[in-house]
Structure formats: C-alpha cells, structure tokens
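Please open the structure in a viewer and keep the selection tool at hand.

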Amino acid sequence: MLEQVAREAGYTRGALYHQFKDKQDLALAALQWVLDTWEQEVGRQVEQESDPVAALLTLARAHTVFCRRDIARVAMALRLEFSGQDHPIAHEVEKGYHALTGTCVGFVEAGREAGSIPDGPPARDVALAYIGAIEGTSIALAGQVPQDAALVAAAAAGALGLDPRAMYPSYAAAPKETHS
C-alpha cells in the first residue's frame with residue numbers, strides 16, 4: 001500500500017519517508033488524508049440532506065461508493081492495527097470513529113423526534129448498529145457494483161428499524177422461496 005501511495009504522490013518509497021519525521025507521522029498524515037477525503041466525498045452529500053433518514057441513507061450509499069477504493073482500506077487497516085492501544089494513531093482513528101458515531105446519534109434522535117425512525121434501543125446503540133451494518137455489508141459486498149450501495153442502504157435501514165424493502169425495490173419484488 002505504501003508503494004502505491006508513494007507512486008501516486010510522485011515519490012519513491014524512500015523519498016516519501018523523508019517528507020515525515022517518522023512512520024507515525026506518515027501514518028497520521030495518511031489517516032488525515034483519508035478522513036478529509038471522506039468528508040469531501042461523503043460528508044458533503046450528507047450535509048445536503050435536511051431529513052435525518054435521508055441523511056443516514058445517503059451516508060450509507062456514499063460510504064459504500066467511497067469504500068470501493070483502496071483509500072478506505074487505510075483507515076480500516078489502521079483501526080484494526082491499533083485497536084484498543086494507547087497510541088497516537090489509535091487516538092486519531094477513534095476520534096474519527098466517535099465523530100461519525102456522534103453524527104449518527106444526532107440523526108437517529110432527530111429522526112425519532114420527527115417520527116421517521118421508531119423508538120427503541122438507545123440512540124447510541126442504534127447508531128453503532130447502523131455503522132456496523134454499513135461497514136460489514138460494504139466489506140461483504142466488496143466488488144458487487146452496483147447493488148452493493150442499495151443493499152448497504154437496506155441493511156442500514158434495518159438497523160434503524162425501517163423497512164429495508166423500501167430502500168431496495170427489487171428486494172421487495174423478489175420471489176418468495178417455497179419449501180415443499
């Protein structure tokens with residue numbers, strides 16, 4: 001992955017290292033680049049939605065499209081590598097994850113207030129289930145374009161307590177299995 005980042009930046013791997021104080025500094029810069037890119041490509045689309053359910057479903061679809069590229073693997077790899085550690089990279093990864101969770105909690109609460117998301121478990125738990133549905137389904141459906149985004153939105157809708165068939169019309173029209 002570092003070879004690819006260096007090549008795309010117009011550097012050799014060695015020259016890339018010389019741009020940063022150490023590997024940690026490089027990893028933090030790469031993580032910030034991923035988060036900034038996510039904000040530009042996903043966050044801006046979400047900000048345009050005034051309805052909380054529309055915002056959450058837009059986030060699900062746009063995040064899935066974002067995850068089709070290698071850039072998303074950087075944050076995922078850092079999160080797995082540093083999970084549970086008292087380390088500057090772990091703190092930055094978790095800071096980004098907590099910000100996303102907080103945003104989703106706000107949308108869940110607003111949706112409940114508007115009556116578009118049903119009451120149920122605490123909003124934070126619903127937000128975490130929603131994020132897990134997006135992440136897990138995106139990973140499971142990697143490379144399954146274009147239905148990946150619709151299926152991720154359906155999984156996200158289910159986590160929110162909504163009817164997932166409304167998110168994926170052909171899902172609702174699929175023939176039912178019959179058992180003899």
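Is Glu109 buried, partly exposed or exposed? Select Glu109: the residue is partly exposed, with a relative accessible area of 46%. Here buried means under 20% relative accessible area, exposed means over 50%, and partly exposed lies in between, with a 1.4 Å probe and protein chains only.

This is a predicted model, in which local features need pLDDT of at least 70 and side-chain atom pairs count only at pLDDT 80 or more, while totals for chains, interfaces and linings use all residues. Residues are numbered from 1 along each chain as its sequence is written, and side-chain values use heavy atoms, with hydrogens and water left out.

**The whole chain**

Display the complete protein before selecting further. It has nine helices and zero strands, where helices (H or I, at least four residues) and strands (E, at least two) are DSSP runs, numbered from the N terminus. Of the 180 residues in the protein, 36% are buried. Among contacts (heavy atoms within 4.5 Å) with a separation of 6 or more, 56% join residues 24 or more positions apart.

**Helix 6**

Return to Glu109, which belongs to helix 6, residues 88-114. Thr103 is partly exposed, at a relative accessible area of 37%. Its C-alpha atom lies 8.7 Å from that of Ala127, a residue 24 positions away in sequence.

**Helix 7 and helix 8**

Now select residues 123-140, helix 7, together with residues 147-159, helix 8. How do they pack? The angle between them is about 160 degrees and their axes are 8 Å apart. Axes are lines fitted to C-alpha atoms, for helices over the stretch in contact, and angles run from 0 to 180 degrees between N-to-C directions. The two helices are therefore roughly antiparallel to each other, a term for angles over 145 degrees.

To view the contact, show Val126, Ala129, Tyr130, Ala133, Ile134, Thr137 and Ser138 of helix 7 with Leu151, Val152, Ala155, Ala156 and Ala159 of helix 8. These residues comprise 10 nonpolar, two polar and no charged. In this classification Ala, Val, Leu, Ile, Met, Phe, Trp, Tyr, Cys and Pro count as nonpolar, Asp, Glu, Lys and Arg as charged, and the others, Gly among them, as polar.

**Two residues of the contact**

Centre the view on Ser138, in helix 7. Ser138 is buried, with a relative accessible area of 9%. Leaving aside residues up to four places away in sequence, Ser138 touches His63, Thr64, Ala133 and Val152.

Move to Ala155, in helix 8. At 25% relative accessibility, Ala155 is partly exposed. With residues up to four places away in sequence again left aside, Ala155 touches Ala133 and Thr137. The C-alpha atoms of Ala155 and Ala133 are 5.8 Å apart, although 22 residues separate the pair in sequence.

**The connecting loop**

Finally, select Pro146 in the loop between helix 7 and helix 8. Which form does the peptide bond from Val145 to Pro146 take? The bond is cis, with omega near 5 degrees.

Note on methods
Angles under 35 degrees count as roughly parallel, over 145 as roughly antiparallel, 65 to 115 as roughly perpendicular and the rest as oblique.
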